[in-house]
Amino acid sequence: IVAMLVAALLSGRRGSVRASTWPDWPLYMKALAISVALGALIEFLQGFEGRPPSFFDVMTDTAGALAGLAVWALATRPVRGEPRAGGGPNPWPVVALGLAGLAFVLWRPMHVAISYAHRSAAFPSIADFSSAHGLDFVTTDGVEAAIGDMPAPWARGGGERALEIRYDPQHPPAVQVVEPLGDWRAFSVSAVDLTNAGPGELSLVLRILDATHDWSHEDRFNLPLVIPPRTRTTVRIALPVVEAAPATRRMDMARIDNVMLFGRPPATPGALYVSRVWLE
């Protein structure tokens, strides 16, 4: 919209568009440059309000400006009956640039929509790492983390996939489901499938909290875990225990907001495999 307004202001100064000058590339380039400069300026000024500037946002501004200028160019294209030079201007370069900008703008929302659809289809799995979509609502800490094949000693069938988090004494493992489907009222158990592939035992804490959590230790569910070395285990927690965990209230089981599994600094390097987090 900003790009279209800038183009309208610039074209008003230059007079009406003629067939011989359409597409008016110099005008479009000026409007694009001004629009991108405005977007970059906004990103710079946001830095003073505590929001870091984003190069991706500037790229999105650029793509949106391209799409808007394509609409403007097509809307101001000479109509039939007006004089045409050389058989009339070719609109397809304008259309192509507009579609390219629109595709860039829509790519992120489309990816997000696909992620939400996949998460809804997988429920009551809270996190399932059988495909790349398992990382859409997950953050990790450690030396490195990626979805890969479960090692043979612990795999239950060929091709089993899991989230592998490498850790060492300076980088304890952690995995967080940042936006789970929150209504757990129809279920009685929460379960986590874990494998400690390291040579030493691994101390972890499983944390669950709801949307009204006050970020104090006493207002959430915390379960200490110790996973023996080279062991695969499934941890099951009765949800009534989770509901009763806050010290001064009942946890809102219709609005679970966060599930986190984090480790204390281990004595030796190793790998933690998270196969699945789900409800029963």
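**Helix 4 and beyond**

Colleague: How far apart are the end C-alpha atoms of helix 4 (residues 92-122), and what span should its 31 residues give?
Modeller: Bear in mind that this is a predicted model. Helix 4 has 31 residues, so at 1.5 Å a residue it should span 45 Å. The end C-alpha atoms agree with that, being 42 Å apart.

Colleague: Where does helix 4 bend, and which proline follows within four residues?
Modeller: The bend is about 35°. Its place is W107, and the proline that follows within four residues is P109.

Colleague: Which helices do the buried residues of helix 4 pack against?
Modeller: The buried residues of helix 4 include V94, G98, G101, S115 and R119. Their packing partners are helix 2 (25-46) and helix 3 (55-75).

Colleague: On to charges. Which residue forms a salt bridge with D57?
Modeller: Side chains of opposite charge can pair when their charged atoms come close. For D57, the closest N and O atoms of the pair are 3.5 Å apart.

Colleague: Are E160 and R232 buried or exposed?
Modeller: The side chains of E160 and R232 meet in a salt bridge, 2.7 Å from N to O. This pair links distant parts of the chain, 72 residues apart: E160 sits in the loop between strand 3 (144-149) and strand 4 (161-167), and R232 in strand 9 (residues 231-238). Buried means under 20% relative accessible area. E160 has 16% and R232 has 15%, so both are buried.

Colleague: Which residues are linked with E160 and R232 in a network of salt bridges?
Modeller: The count for the model comes to 12 salt bridges. In the network, E160 and R232 are joined by R156 and D193.

Colleague: Is R185 buried or exposed?
Modeller: R185 meets D183 in a salt bridge, 2.8 Å from N to O. D183 has a relative accessible area of 35%, so D183 is partly exposed. R185 has 60% relative accessibility, and therefore counts as exposed.

Colleague: What is the bridge partner of V175 in strand 10?
Modeller: Strand 5 (residues 174-177) and strand 10 (residues 256-263) run antiparallel, joined by four bridges. In strand 10, V175 has as its bridge partner L261.

Colleague: Which residues does the cis peptide bond join, and what is omega?
Modeller: One of them, P124, is in the loop between helix 4 and strand 1 (125-128). The cis bond joins F123 and P124, with omega about 20°.

Colleague: What is phi of W215, and what is phi of R230?
Modeller: W215 is in the loop between strand 7 (202-210) and strand 8, while R230 lies in the loop between strand 8 and strand 9. W215 counts as exposed because its relative accessibility is 61%, and R230 does so at 51%. Neither is a glycine, yet phi is positive in both. The values are about 65° for W215 and near 50° for R230.

Terms used: Residues numbered from 1 in each chain as written. Predicted model: local features only at pLDDT ≥ 70, side-chain atom pairs only at ≥ 80, totals over all residues. Heavy atoms only, no water. Helix = DSSP H or I, 4+ residues; strand = E, 2+ residues; numbered from the N terminus. Expected span 1.5 Å × (residues − 1). Bend = angle between axes of the 7 residues up to and from the residue. Buried < 20%, exposed > 50% of the residue type's maximum accessible area, 1.4 Å probe, protein only. Contact = heavy atoms within 4.5 Å. Salt bridge = Lys/Arg side-chain N within 4 Å of Asp/Glu carboxyl O. Pairing = 2+ DSSP bridges.
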